[in-house]
Amino acid sequence: MRPFQLSLCLCLIIGTGWCAHPSGPDRPVSGGSGSSTAQQHTEGVAGQITNEDGSAVEGASVLAAPLDPGGPAIPEIAIVSYAMGRYQWPLRAGRYSITVVADGYQRGSKEVAVKAAEITTLDFVLARDRRTHALSPTIREL
Amino acid sequence: MKHVYSRLGSVFGAIALLATATPAFSQSPHTVVSNDGTEVAPAEASPGTGSATSSAPSPGPSRVTEQALVTEGVFLDAESRAEFQRLAALPDGGEYGVRTRPGAIETIIGPDTRERLYTINYPTRAKVLITFTGGRCSGVMIGPNTVATAGHCVHTGGPGGAFRPVASFRIYPGRDGAASPYGFCTARTLFTVVGWAGASNEEFDYGAVKLNCNVGNVVGWFGMTTANPTLFPTVVGGYPGDKPLTQWQGSDRVRALSVRQAFYRNDTFGGMSGSAVWYDIAGPYMFGIHAYGLHGAGNHAVFNHGVRLIAAVFNNLLAWRNAP
């Protein structure tokens, strides 16, 4: 029996989900260096964060909140914009509120519908916060 | 006909092969996986009081010195040294808190009651900021060179997921705004379990980072306990993404429990994943790892929550801590 025929049999028996991951869901997980979130997930939100001048805003926190009742669990990780102000948020299909928080800028917030097996592009242009370090905590020594 | 039998034989052969090729379907979801294939067997937990097991906290030395940090392999730059000196000059007991203004988003339940903490003292200095390409999390020292955190902070989870790039990790104990008074360490190995890496199951969303330094010998580490946390007070502190890399915490109590998760109303925010859920009983004892805000239905929809340190979780954390 040729390898292809064997694979075909296995696919027919247990469904296409297994075929998408040929080594099976019990595969050893290794090789952490170099892989990233966006390279592995096929649905979610990705985009670029810039300011009014068009400059990239790096280090901004991108937060997601589900809008659908009974929505999926969203880990409380802080997704952060990196080089060129880009960010990637792997999210399951559904509606979300995406909020961007960056020191020295006003918060940006948008709603987005993520479709299955699609990366939805969502860019933000942040306005500068005229208040000095509005997001910085005020320290009061007790 | 012979041809048909041959095909049937192939199918049954394939089924047999599949049965032998997928032993992990019967694996415990707490089975350990690591980014570099490091294998760690769960440790034998030391018996604690009653039916619970525990591991003691360590406050580290009463006086932290730069030399001690350097000796333990911590990266210290000029800015870190200056900040260390500034914090060292603050009065002892300098955990100054301030309530933030009310009104926030996501998992602030009611008024925002988080308090900012300075990081000069133990245990605040034993809580860490974790950064990696594209994200940030929180964590807590549980040994000289081991940080406990959420599984999703080290692995994206589920089919198609992957370990986050280990080379991009920076772990900052007691980070305080723009400065890192205790420097930072890099990551050597990332750990989580099959239940998270293979299935994205939030009930198994825990992991650890093995460091390339022994900073825990300087900043100390948290204790851990499997004690039943019914009605325990809850303290959850970490690095929320809406604050500029400063440490904040909220207090509450356990509101509900499931077999594998604890639920509470501590205010949390994106970035606080991996924070210890702990309380002070002769030192800080962690009994949960924060990971989620509000979602779904039932307790998940009204309380923030994270994995409980049941025996299997405790044993893995201990094994990761004790691993070379």
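This is a predicted model: local features need pLDDT of at least 70, side-chain atom pairs count only at pLDDT 80 or more; totals for chains, interfaces and linings use all residues.
The ring centres of Phe222(B) and Trp278(B) lie 5.3 Å apart with their planes at 90°, so that the pair is classed as edge-to-face. Phe222(B) is placed in the loop between α5 and β10 (223-225) of chain B, whereas Trp278(B) belongs to strand β14 (residues 276-280) of that chain, so the pair ties together parts that are 56 residues apart in sequence.

Over all chains, the count of aromatic pairs comes to nine. Another of these pairs is formed by Tyr172(B) and Phe184(B), for which the centre-to-centre distance is 5.5 Å and the angle between the planes is 45°, an arrangement described as tilted. Because Tyr172(B) lies in strand β7 of chain B and Phe184(B) in the loop between β7 and β8 of chain B, this pair ties together parts that are 12 residues apart in sequence. Tyr172(B) counts as buried, its relative accessibility being 14%. Ring pairs also connect Tyr172(B) and Phe184(B) with Phe75(B), and the three residues make up a cluster.

A search of the whole structure for disulfides finds two over all chains. One of them is formed by Cys137(B) and Cys153(B), whose sulfur atoms are 2.1 Å apart; the torsion about the S-S bond of this pair is about -85°, so the disulfide is left-handed. Distant parts of the chain are linked by this pair, with Cys137(B) in strand β5 (residues 135-143) of chain B and Cys153(B), 16 residues apart from it, in the loop between β6 (146-149) and β7 (170-173) of chain B. Cys137(B) and Cys153(B) are both buried.

The other disulfide joins Cys185(B) to Cys213(B), with an S to S distance of 2.0 Å. In this case the torsion about the S-S bond is about 90°, and the disulfide of Cys185(B) and Cys213(B) is therefore right-handed. Since Cys185(B) lies in strand β8 (residues 185-193) of chain B and Cys213(B) in the loop between β9 (207-211) and α5 (216-219) of chain B, the pair ties together parts that are 28 residues apart in sequence. Burial is found for Cys185(B) and for Cys213(B). With bonded cysteines counted along the chain, the disulfides of chain B follow the pattern 1-2, 3-4.

For chain A, the secondary structure consists of three helices and eight strands, which, read along the sequence, follow the pattern α-α-α-β-β-β-β-β-β-β-β. Of the 142 residues in chain A, 39% are buried. When contacts in chain A between residues at least 6 apart in sequence are considered, 61% of them join residues at least 24 apart. The accessible surface of chain A comes to about 7600 Å², and carbon and sulfur atoms account for 53% of this surface.

Note on methods: Residues are numbered from 1 along each chain as its sequence is written. Chains are lettered from A and ligands numbered from 1 in the order in which they are written. Side-chain values use heavy atoms; hydrogens and water are left out. A disulfide is a pair of cysteine sulfur atoms within 2.5 Å. Helices (H or I, at least four residues) and strands (E, at least two) are DSSP runs, numbered from the N terminus. Buried means under 20% relative accessible area, exposed over 50%, partly exposed in between (1.4 Å probe, protein chains only). Contact means heavy atoms within 4.5 Å. Accessible areas come from the Shrake-Rupley method with a 1.4 Å probe; for residues, only the protein chains shown count as cover. Rings of Phe, Tyr and Trp (its six-membered ring) pair if their centres lie within 6.5 Å; planes under 30 degrees apart count as stacked, over 60 as edge-to-face and the rest as tilted.
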